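Try each task before you read its solution.

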Amino acid sequence: MFRTPQVILFSEDVPRAAEFYGDLGFTETFRVPTEGEPIHIDLTLDGYKIGIASAASTREDHGLDPVSQGQRAAVILWTDDTAGAYAALTKNGAPALAAPHRWLDRLLIAWTADPDGNPIQIVQQL
């Protein structure tokens, strides 16, 4: 019945959000419109797809009232070096939400956020 799930994050600045995820290693796979100011960009990393949709376009085109800032969803990124990834992201301006810490005695987790305030969990298996 369903296939190819994807998460869409709403943003007031689609190019800025897409650039942030591009810097994390995501690759742009879709853009509307193809030229000019985008209202939607899809990005993929390791088979996982995130869409960045314009909050204004979502209001105008679909009649929804999306929340475009704050902790509405979390993006989880697995790594082999949580501390290093957290240090790099926060050094580049991402907010430090929670420093690397052990959880369940088997994971090392840290939290930061994207430019729209969506939490980013950086996690590694210990």
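Predicted model: local features only at pLDDT ≥ 70, side-chain atom pairs only at ≥ 80, totals over all residues.

Residues are numbered from 1 along each chain as its sequence is written, and side-chain values use heavy atoms, with hydrogens and water left out.

**Exercise 1.** List the secondary structure of the protein chain in sequence order.

Solution. Start with the count: three helices and eight strands. Helices (H or I, at least four residues) and strands (E, at least two) are DSSP runs, numbered from the N terminus. Now read along the sequence: β-α-β-β-β-α-β-α-β-β-β.

**Exercise 2.** Which residues of helix 3 are buried, and what covers them?

Solution. Helix 3 runs over residues 82–91. Thr 82, Tyr 86 and Leu 89 are buried there (under 20% relative accessible area, 1.4 Å probe, protein chains only). Seen down the helix axis, the buried residues fall within an arc of 70°, so they line one face of helix 3. The arc is that of the directions from the helix axis to the C-beta atoms. Their cover includes strand 6 (98–103), strand 7 (107–113) and strand 8 (119–125). Just after helix 3, Gly 93 has a positive phi of about 105°.

**Exercise 3.** Compare the radius of gyration of the protein chain with that of a compact globule.

Solution. Take the rule, 2.2 Å times the number of residues to the power 0.38. For 126 residues, a compact globule would have a radius near 14 Å. The protein chain has 15 Å, taken over C-alpha atoms, which agrees. Its C-alpha trace spans about 45 × 35 × 25 Å along the principal axes. Buried residues make up 35% of the 126 residues.

Terms used: Buried < 20%, exposed > 50% of the residue type's maximum accessible area, 1.4 Å probe, protein only. Contact = heavy atoms within 4.5 Å.
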